[in-house]
Each structure stands twice: as structure tokens, then as C-alpha cells.
Amino acid sequence: MFPFFSKACSALKFSFSDLWLLAVCAFILFSAFFTVLRLLNHSFLIKVFSLFFTVCAAGAMYFNYQYGTIINSEMMRNALATDTAEAAELLTAKFFLEFAFLCLPQLYLTFFVPIKHSSFVRGIFQALVGLVIGVCFLMLNFQGVSSLIRSEPVLRNLISPVNVFSGTYKAVFKDGSTEVDAPRIVIDPKPALGASHKNDKGTLFIVVVGETARLANWGLAGYSRDTTPQLRARNVIPFSKTISCGTSTDVSLPCMFSRVGRDRYDRDRILKEESLLPVLQRAGINVFWVDNQSGCKGVCKGVPSLSISKTKAPSLCSGPRCYDEALLAGIDTSEILKPGKTTVVFMHQLGNHGPAYSKRYPKNFEVFKPVCTDEKLNNCSREEIVNAYDNAILYTDHFLAGVIDWLKGLDGFDTGLLYVSDHGESLGENNMYLHGAPELIAPKEQKEVPMLLWLSKGFEQKFGLNDVCLREQAKADTSHDQLFSSLLGILDVKSSVYDQNKDFSAVCRKSNS
């Protein structure tokens, strides 16, 4: 309960009434837990459930203390969707040592302190007494308690282990009621390719989904460090600011390629409907997904995926993870190079996924030093954390520049690339780390992300796009909501689900001039 009372104390002024309110909250919570345990009314059950509650609360407290993590349904979905490589970076030896230390008092009580068995009637009576007293305290101080919860709504997500149980229930049975692998609703049965595709020259467009890159540390957005020197030299079109759908991959990835978007966010609907990818495929475009992360979260349902071959890029895949350059170097490019055809490849980066930022890039990209190499970020200085994070941005810059150079060199193809990150990251601001904060309290560092566009001259001519106009459009604030229709517009796909008002390229095409 330490995170709860720590946050509550920061919201109060320590007057007598505030101290009384803290005491009331403590007594209400104690009464609630006492009532639950007395209802069990058996020494064995009480010990088992006490230990189980302690284990859950200790895990929640560890992640809240180390990273400022708020345990809610979104965070529990992230945890359930985590792959083994990602989990291994969090569940270190230090984690288990500290976790065991937090559980030690309850372990002692469980195995060495006997509990005297009481009759069923007495147990129920004690539970009712505890419940009545707790409710009375709540009702007598309802105004103060409700005001505190309303002013600091995050407090309800800091009551451990209730937050773990509630978050898991919502993630599995409520928010997760629509399976990502379930058949999707077809949103447009007859999309079609526009006249631009009658050109015999092939088209290859790559969409790179960045991971955990925040705008605040993006060189092209005016960051004090030039973390994007190679992209700057390639004359890309940088967008000034893009707002993400959410603060986690589990929310943002399905949302950013859905027609629903963040303004009308409805997770159940997003997961029931097909994403942009099948619409492009049905129109006649060859669509592929290649992943260097923990999956596409249902976005690539119905389209082929390309696997990264570690044997094709052994220097990039020496450990359990591959560096992002393997997204291109590790795939069979003959699958995507179809003369005379239009192909779109979606690449999902490992990017800057924390907390192991120093493991996201080869050592020769360790430009900013010293770096944090500890997964427990609060063991590092802020300078070390930012240095490791910025080095990972430098590597993304190198990776994207390499993909652009490869696209430039493709004879017989008009080429283009769009990059956008799924969400941002906290690097210790207000003692908050990583991402996944609830929308209500999420800082801008977790919501403002970089986006850029690069088009070959041939691509611009084929699709009638004006470079000067696009650069002007990129100065305005954008959001993930514009990706769906903008990609349909850029690729000249005629669809009933296209929304011109959400296409940042619409005013820049010759057909609109």
C-alpha cells in the first residue's frame, strides 16, 4: 500500500483534517482486507490467500517503485502480451531478490505463526463487524474520501493487490473479450486501385512502425542533440508533432491502422474490424508484415508475414533479439520485389523498447556516454538513461537511412517510406519511467512521437504528390488518426472508408489542385 499512501500524501497538505483523512483511508482498506480474510474462515485458506495477496502486491509495488508503473487493465494486457525476451529483461536476479525481500514477512507468518481456528459463525460475525465498521468510516468521511479520489483518480490503481486483480479481470474478460485472432468484420469489400497504378513501373512503399521513440529526443524535431544526422542528410519530410493513439503498443498499434482512431477510441470495435492492411490487399496491393517485436496485435490478420532469418544476418542476431537492420537484411527481398506490381511492407521495429535501451543498438553506436546498462533504471543517473536512449535513437536513424538508401537504388521501382513511432517514453520525469501510463495522467513524453515521410521523385510523379506542399502540411500537428486515410490517399486506393479530412496528403495531389 506504500504507493497509494505516497501518492495520497503528495496530494494533501498535512493539516489535521488531511492526516485524519489518511488514517480513515488506512482503516477502510484494513477493514476491507480483514473482511475478505475472515470470510475464508479457515486457517489454511487464510494463509494461502494472504500469501497470494502479498505476492501480487509485492510485484505491483516493485514495478511502481522502480518504474512508476500504474497497474490497470492496459498494463495487465501489456504484461500478458509480453514475449519471453522482453520479460527476461525485466525479471532479473535483482528483481527476484527484492521481490523475495518484500514477501519475507508474510512467508514467516504463513509457515511459522499458527492461526487459531474459530467457528464458522464467529468468523462470519467478525467479517460482518469489520465490514460494518469500514462502511461506517467511509460514509462518515465520504466527502473527503471521494474528493481525494476525484482529484487523484490514479489512486484507485495503486491499491494493491486489488489493482492486479481488477486489471487482470478487465484485460482478460472485459477489454480482452475480442480476440486479436478472431475473424474480422470486412469494412470495405471492394476497394480499388486508382489510375496511378496503370504505370508499368513497380512500386514499393515501406511503412516502419517505430517502437517507443519520443519526439522530445528526436533530432529532426529540434532536440539539442542531433540524434538524426543521417535522416537530415537524406532530405526527408519531418512532421513537427504527432500524437499517438495510446501509451503502449497494445493500444496504439491496432488503433493507428484502424479507421476508428483515438478520437472515437473503442477497443472492442477496433479489434472486431479489419485493419488497413487487408483493405490494401483486397485492392490488389501485395502487403507484407515483418516483425522484430512481440507481434502485430492483430493488425496483420489476413496478410502474409515475412520472417527474419538469423542465418541471413548472423551479425545482427547474435542474441535472443535481432537489431532492427535485420528487418531488411534478414528477409528474402525477392518476395517483395515484384516488377510492375505495387507492394507495401510494414516493418515493426524493436526500436527503443525499455528498459534495456543499451541493448537496442550495436556497440559502435554508443556515441553518448556513460550509458545505463541496468534494467532497474532508478539505479542509473538520468544522464546515463538519456545517453542510452539517445544512442538507440541514433541507431533508428541509421536503420531508416539504410532502408531509404536501399529504396533509392532499386531500378524499376518507384519507392517511398513512412516512419511513425507507436508511442513515446518517460525517462525519469516526475519519477516516471517507461510507458503505458493511463491516458488521464500520461505525460506528453509518452504521447508525442516522431513521424517522417520520404518519397522518390518517381513516386511523387506517379502519384501526383507535391513535395513543397507536403512539407507545408507536415508543419501542422498530426495524430495517428490520420494514418489510415493518408496511406490510402498516398497509395491511390479508392475506398468507401477513406476520409479526405484525415488525409494529410489530400491537398498535395495534382487531382486536388
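Which residue in E7 is the bridge partner of asparagine 286? I looked it up: threonine 343 is the partner.

**Entry 1: ground rules.** I am working on a predicted model, where local features need pLDDT of at least 70, side-chain atom pairs count only at pLDDT 80 or more, and totals for chains, interfaces and linings use all residues. Residues are numbered from 1 along each chain as its sequence is written, and side-chain values use heavy atoms, with hydrogens and water left out.

**Entry 2: overall.** I noted 19 helices and 14 strands in the protein. These are DSSP runs numbered from the N terminus (helices H or I, at least four residues; strands E, at least two). Of the 513 residues, 55% count as buried. Buried is under 20% relative accessible area, exposed is over 50%, and partly exposed lies in between (1.4 Å probe, protein chains only).

**Entry 3: strand E7.** I went to E7, residues 342–348. In this strand 7 of its 7 residues are buried. Thr342, Val344, Phe346 and His348 point one way. Thr343, Val345 and Met347 point the other way.

I then checked the neighbours of E7. Strands pair if DSSP finds at least two bridges between them. E2 (residues 202–210) runs parallel to E7, with 7 bridges joining them. Here valine 209 stands opposite histidine 348. E5 also runs parallel to E7, joined by 6 bridges.

**Entry 4: rings.** I counted 9 aromatic pairs. The rule takes rings of Phe, Tyr and Trp (its six-membered ring) with centres within 6.5 Å; planes under 30 degrees apart are stacked, over 60 edge-to-face, and the rest tilted.

Why is the pair of phenylalanine 257 and phenylalanine 346 edge-to-face? Their ring centres are 5.4 Å apart and their planes stand at 90°, so the pair is edge-to-face. Phenylalanine 257 sits in the loop between helix H11 (249–256) and helix H12 (267–272), and phenylalanine 346 in E7, so the pair ties together parts 89 residues apart in sequence. Phenylalanine 257 is buried, at a relative accessible area of 0%. Phenylalanine 346 is buried, also at 0%.

Next I looked at tryptophan 289 with phenylalanine 346. Their centres are 6.2 Å apart and their planes at 15°, so this pair is stacked. Tryptophan 289 lies in E5 (residues 286–291) and phenylalanine 346 in E7, so the pair ties together parts 57 residues apart in sequence. Tryptophan 289 is buried too.

**Entry 5: elsewhere.** I found Phe205, Phe459 and Phe463 in one aromatic cluster. Arginine 225 lies over the face of phenylalanine 368, at 4.1 Å from the ring centre. The test is NZ of Lys or CZ of Arg within 6 Å of the ring centre and within 35 degrees of the ring normal.
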